[in-house]
Structure formats: C-alpha cells, structure tokens
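Here's a quick walk through one protein chain, from the overall fold down to a few single residues. Have a look at the structure first, then read on.

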Amino acid sequence: MSARFTQEFTALPEHIDELGHVNNTVWVRWIQDLATAHWADTARPEDAEQFFWVVSRHEIDYRGNVSEGETVSGETWIEGEPRGATSIRRVDFSNQAGKVIVSAATTWAMLNRESQRLVRVREDVLAPFRD
C-alpha cells in the first residue's frame, strides 16, 4: 500500500460554472495540483532534481459536486507497480460530510529533466511514497 497525501481545496468564484458548482476543468487542475504537491512533499531531493512527471491519461468519475465557498479534501496515493515509464495515481475528493464525490485514476509518465525523455520508473524513486 502507498502512503497517502491530503490537501484541502476551496471552491472560489472563478471555479464555478453556469450550473453553480465547480467546473470539470477545475477538478482536473486540482488533481494535477494535488499530485504535484505530493511529489514536492515526498520525493527525495535528488529525484526531484532529476525527474518530473507529465499526465498521459485521466479517468474521472463524478458522483457529486460542491458550490462556491465549500471545501473538499483531496487524497492521493500511488496505486500498484510502475509499468515502464508510467505510474498510476489515485485521487479521491471528499465533501465536508466525508462522502467521496470525485474519484480519479491518472497515469503519469516520468521524464528526465535534462533530456526531457521518458525514463523507466525505478522502485527507489517510488519508495518514499510507500507505507
């Protein structure tokens, strides 16, 4: 099992769409912000200097939403083993009642900062993200 990372997000006026709740594009941004914050918080300094991640796929399930001023708790973790240059990251957003309202499985690809080429994800890079 992987160590989990959490962060809160509050729906601001610019996040709200014509339906009166957080727009889908904002959820995607929050997924990326949460994953990036997890990497910055947990990665070993030498790995953060050498590698960066880009999204290659988002799969998102929407089961609810929030309105302006409401806060959600985002939780993320690494799921399973890496496959070549990619790793799966899970994300759940829970409302103030604790109900998961948005879930995502995102595939991230690891690149070498200098060459900007894909590199195989090594277990030692993911080790700090494991329990």
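A word on ground rules. This is a predicted model, in which local features need pLDDT of at least 70 and side-chain atom pairs count only at pLDDT 80 or more, while totals for chains, interfaces and linings use all residues. Residues are numbered from 1 along each chain as its sequence is written, and side-chain values use heavy atoms, with hydrogens and water left out.

**The fold**

The protein chain has three helices and five strands; here helices (H or I, at least four residues) and strands (E, at least two) are DSSP runs, numbered from the N terminus.

How much of the chain is buried? Buried residues make up 40% of the 131 residues, where buried means under 20% relative accessible area, exposed over 50%, and partly exposed in between (1.4 Å probe, protein chains only). As for contacts (heavy atoms within 4.5 Å), 68% of those with a separation of 6 or more join residues 24 or more positions apart.

**Helix H1**

Helix H1 runs over residues 24–42, and its 19 residues should span 27 Å at 1.5 Å a residue; the end C-alpha atoms are 27 Å apart, which agrees. The expected span is 1.5 Å times one less than the number of residues. Its buried residues are Val26, Trp27, Trp30, Ile31, Leu34, Ala35, His38, Trp39 and Thr42. An α-helix has 3.6 residues a turn, so residues three or four places apart point the same way.

**The largest pocket**

A pocket here is an open set of points on a 1 Å grid over the protein atoms alone, where a 1.4 Å probe fits, with protein on both sides within 12 Å along at least five of seven lines; lining residues have an atom within 4 Å of a point. The largest pocket holds about 210 Å³ of space, the volume being what is filled by probe spheres set on the points. Of its 14 lining residues, Ala35, Thr36, Trp39, Trp53 and Trp108 lie nearest the centre. H1, strand E2 (51–62) and strand E4 (86–94) each give two or more residues to the lining, and H1 gives the largest share, four residues. By class, the lining has nine nonpolar, three polar and two charged residues. Nonpolar covers Ala, Val, Leu, Ile, Met, Phe, Trp, Tyr, Cys and Pro; charged covers Asp, Glu, Lys and Arg; the others, Gly among them, are polar.

| Residue | Relative accessibility | Class |
|---|---|---|
| Serine 67 | 33% | partly exposed |
| Glycine 84 | 27% | partly exposed |
| Glutamine 116 | 57% | exposed |

Serine 67 lies in the loop between E2 and E3. Leaving out residues up to four places away in sequence, serine 67 touches Ala11, Ile16, Gly20 and His21.

Glycine 84 lies in the loop between strand E3 (71–83) and E4.

Glutamine 116 lies in the loop between strand E5 (100–112) and helix H3 (123–126). Its phi is near 60°, a positive value in a residue other than glycine.
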